[in-house]
Amino acid sequence: PKTDIVFLKVHKSASSTVMNILFRFGETHNLTFAFPRGGGYQLYYPHHFLARFVQGFSPLSPRRFNILCHHMRFLQPEVQKVVPSSAVYFSILRNPVQLMESSFAYYKGASAFSRVRSLEEFLSQPYRYYSPASGDRHYARNLITFDFGFNPDAEASPERVQLMLKAIEASFDLLLISEYFDESMVLLKEVLCWDLDSVVSFPLNSRDSSTKSPLPDSVVEKLKAWNRLDWEIYTHFNRTFWERIERDIGRERMGREVRALRQRQAELARTCLQGPGSVAPKDIKDSSLRPLQYGKARILGYNLKQGLDGELERTCRRLVTPELQYSSLLYKKQFPPPPP
């Protein structure tokens, strides 16, 4: 199994669920994480990543970390200073239309969104509300482009798009697609030589459907145009994703693997969870399993069954521990506070 990994955690793209998979694998195999300095949750995002943002990094000592997976704005030469040269680089993308709808709900306080009632209103005159100079502009335009380290306000000329796609292909071994999450996990498991249980997960940081609303076609087209760079990245890598599945796995075996993954997830859900699945924040009984609530989104969580035995309780708890709590726990393990 490969143990040196860089995961570019693109916002609002099922990346918290992927992060949970990496946290569990790293914890099980005693791997080290490139944590933000001082134990924060983001690597000084939205600044471009620098090696010195990592706790325990020193230019004088060649210490390398196994897994880099916290939110960052990608800058490969700096990333290479903190992970081994053998590291596998991957990320996950989401359709920019749904991504922006989610971003609007989640980052409603962002300067571009704070004065509008709806996404339609914003898109009717985006430049009335959006300023390329504002520090949080990336939440409102080409968020994927931004997270990969590029300029979200650049013009989408064919030449620029080609350069961007080539740069991403040169840096990343694998780009997954969140709309095909189970297929993505099977592909990830193949590339990393992991077993099935390592990529099993329950959806984390997902929104209650009551806060989602379908978008009219006219809005969808405007969203694609406004996020044109993201749209180019997404459509390109959605295509190469399926080409890779055809080439490396084949549709038939992929079908079998996905069924096995879903069966295992259903089995774990029956073993671990109270009730049919995720619940509203107010219904989560164990406060340590309550995810951070943010913006206008209602982030769902889980209740564990009572009376699970030691090892099983631990496995189940890890599967549903929200990102911030899990990150803190692993940070304390890797950098134990000095005894009083």
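Guide: Let's start with C69: its sulfur is 19 Å from the closest cysteine sulfur, the one in C193, and that is too far for a bond. A disulfide here is a pair of cysteine sulfur atoms within 2.5 Å. Keep in mind that this is a predicted model, where local features need pLDDT of at least 70, side-chain atom pairs count only at pLDDT 80 or more, and totals for chains, interfaces and linings use all residues. Residues are numbered from 1 along each chain as its sequence is written, and side-chain values use heavy atoms, with hydrogens and water left out.

C69 is tucked away: it counts as buried, at a relative accessible area of 1%. C193 is in no disulfide either, with the sulfur of C69 as its nearest cysteine sulfur, 19 Å off. C193 is partly exposed, at 46% relative accessible area. (Buried means under 20%, exposed over 50%, partly exposed in between, with a 1.4 Å probe and protein chains only.)

Helices are DSSP runs of H or I with at least four residues, strands are runs of E with at least two, and both are numbered from the N terminus. Helix α8 covers residues 181–192, and its end C-alpha atoms lie 16 Å apart, in agreement with the 16 Å that its 12 residues should span at 1.5 Å a residue. (The expected span is 1.5 Å times one less than the number of residues.)

In α8, 11 of the 12 residues are buried, so the rest of the structure largely encloses this helix. Among the buried ones are F181, M185, L188 and L192, along with D182, E183 and K189. Who does the covering? The elements over those buried residues include strands β1 (5–8), β3 (88–93) and β4 (174–177), plus helices α1 (15–28), α10 (228–248) and α11; contact means heavy atoms within 4.5 Å.

C272 is bonded to C316, S to S 2.0 Å. The link between C272 and C316 is left-handed, with -65° about the S-S bond. Both C272 and C316 are buried. By the 2.5 Å rule, the model's count comes to one disulfide.
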